[in-house]
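Work through these exercises with the structure open beside you. Try each task before you read its solution.

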Amino acid sequence: MQEKLTIWIPTKDRPLFLLRVLEYYKNTRFKGCIFIGDSSKDKNLELNRESIKKFNNTLKISYFEFPDLNQGYVSAELVPKIKTEFSTLLGDDDIIVTSSIEPCIKFLIENEKISGVNGNAIIFNVESGEAFGNLDGLMNYPLAKITNPIGYERLKNIYSNMKNMNMCIHRTANQKIVFEKVKQLPKFHSQYQFEEMIGSAIMSIRGDVAQLPILFLCRQSHPNQNYHSFSIYEWFTDKDWNIAYRALEQ
């Protein structure tokens with residue numbers, strides 16, 4: 001079943017996080033595909049290239065370099081290249097539990113009207129704030145669960161109680177539609193809120209999002225997460241905000 005899944009990972013200047021996630025998938029014998037879109041520079045780019053060489057013989061890695069592209073645009077470049085029936089977006093600082101992949105894919109195959117599937121998730125801290133070190137906190141991290149026979153009711157559900165949906169396992173055909181739209185967003189808005197909101201809208205309209213009673217995802221909270229670099233004021237007053245909003249509305 002794992003062979004039916006592609007995990008794609010946009011990464012930028014965090015070589016230890018990428019190393020950690022690749023170590024995990026090697027040690028847990030992940031048999032699916034891994035696409036890496038690397039926007040790193042200089043020394044960090046070289047370190048990532050070395051990691052790819054290290055794991056190329058044990059993991060099915062497709063590695064692409066995208067200088068100066070942000071996460072949304074990187075995903076928009078990677079997703080059209082995916083050949084597997086199912087796929088998921090993974091931050092370089094997050095880990096999808098390998099043992100959860102087979103039951104999730106089996107569930108999607110058996111339930112054609114389901115758009116995506118996930119499970120239980122945790123968010124953890126590391127004392128150092130980096131990829132390796134002692135754990136310093138662990139708590140539940142809620143993922144989206146939407147069940148309703150009517151598309152607009154599912155859309156209303158997710159927008160009235162927004163939870164992470166992009167880290168579900170989804171049907172790749174739907175992913176391609178999402179990131180075709182994301183690619184049309186202005187550069188500043190092709191990540192963070194509008195990218196996630198377009199994905200949530202399309203996926204929820206196209207079917208239920210199920211949640212299985214299994215450990216599915218481990219997320220790390222740390223100071224270098226991308227959203228910490230955003231100013232809500234700058235985001236909301238940006239000259240292209242209305243263009244991005246109209247794309248979402250449509």
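**Exercise 1. How do the axes of helix H1 and helix H2 lie to each other, and which residues meet?**

Solution.
- Step 1: find the helices. H1 covers residues 15-27 and H2 covers residues 42-55. Helices (H or I, at least four residues) and strands (E, at least two) are DSSP runs, numbered from the N terminus. The model is predicted: local features need pLDDT of at least 70, side-chain atom pairs count only at pLDDT 80 or more, and totals for chains, interfaces and linings use all residues. Residues are numbered from 1 along each chain as its sequence is written, and side-chain values use heavy atoms, with hydrogens and water left out.
- Step 2: take distance and angle. Two packed helices are described by the angle between their axes and the distance between the axes. Here the axes come within 9 Å and cross at roughly 10°. Axes are lines fitted to C-alpha atoms, for helices over the stretch in contact, and angles run from 0 to 180 degrees between N-to-C directions.
- Step 3: classify. H1 and H2 are therefore roughly parallel to each other. (Angles under 35 degrees count as roughly parallel, over 145 as roughly antiparallel, 65 to 115 as roughly perpendicular and the rest as oblique.)
- Step 4: list the contacts (heavy atoms within 4.5 Å). From H1 come Pro15, Leu18, Leu19, Leu22, Glu23 and Lys26. They meet Asn44, Leu47, Asn48, Ser51, Ile52, Lys54 and Phe55 in H2.
- Step 5: sort by class. The contact of H1 with H2 has seven nonpolar, three polar and three charged residues. (Ala, Val, Leu, Ile, Met, Phe, Trp, Tyr, Cys and Pro count as nonpolar, Asp, Glu, Lys and Arg as charged, and the others, Gly among them, as polar.)

**Exercise 2. How many residues has the largest nonpolar core, and which have the most contacts inside it?**

Solution.
- Step 1: know the term. A nonpolar core is a set of buried Ala, Val, Leu, Ile, Met, Phe, Trp, Tyr and Cys residues joined through side-chain atoms within 4.5 Å. Buried means under 20% relative accessible area, exposed over 50%, partly exposed in between (1.4 Å probe, protein chains only).
- Step 2: count. The largest core has 35 residues. Those with the most contacts inside it are Leu5, Val21, Leu22, Tyr25, Ile34, Ile61 and Ile169.
- Step 3: find the suppliers. Elements that each give at least two residues include strand S1 (5-11), strand S6 (114-126) and strand S9 (208-220). The largest share, five residues, comes from H1.
- Step 4: look for another core. A second, separate core of 29 residues includes Trp8, Phe66, Ile202 and Trp241.

**Exercise 3. Is Asn118 buried or exposed, and which side chain does its side chain contact?**

Solution.
- Step 1: Asn118 lies in strand S6.
- Step 2: its relative accessibility is 0%, so Asn118 counts as buried.
- Step 3: the Asn118 side chain makes a polar contact with the side chain of Gln211, at 3.0 Å. (A polar contact is a pair of N or O atoms within 3.5 Å; within protein, one must be able to donate a hydrogen and the other to accept it, and residues adjacent in sequence count only if both atoms are side-chain atoms.)

**Exercise 4. Where is Asp240, and which side chain does its side chain contact?**

Solution.
- Step 1: Asp240 sits in the loop between helix H8 (232-237) and helix H9 (241-249).
- Step 2: with a relative accessible area of 17%, Asp240 is buried.
- Step 3: its side chain makes a polar contact with that of Lys239, at 3.1 Å.
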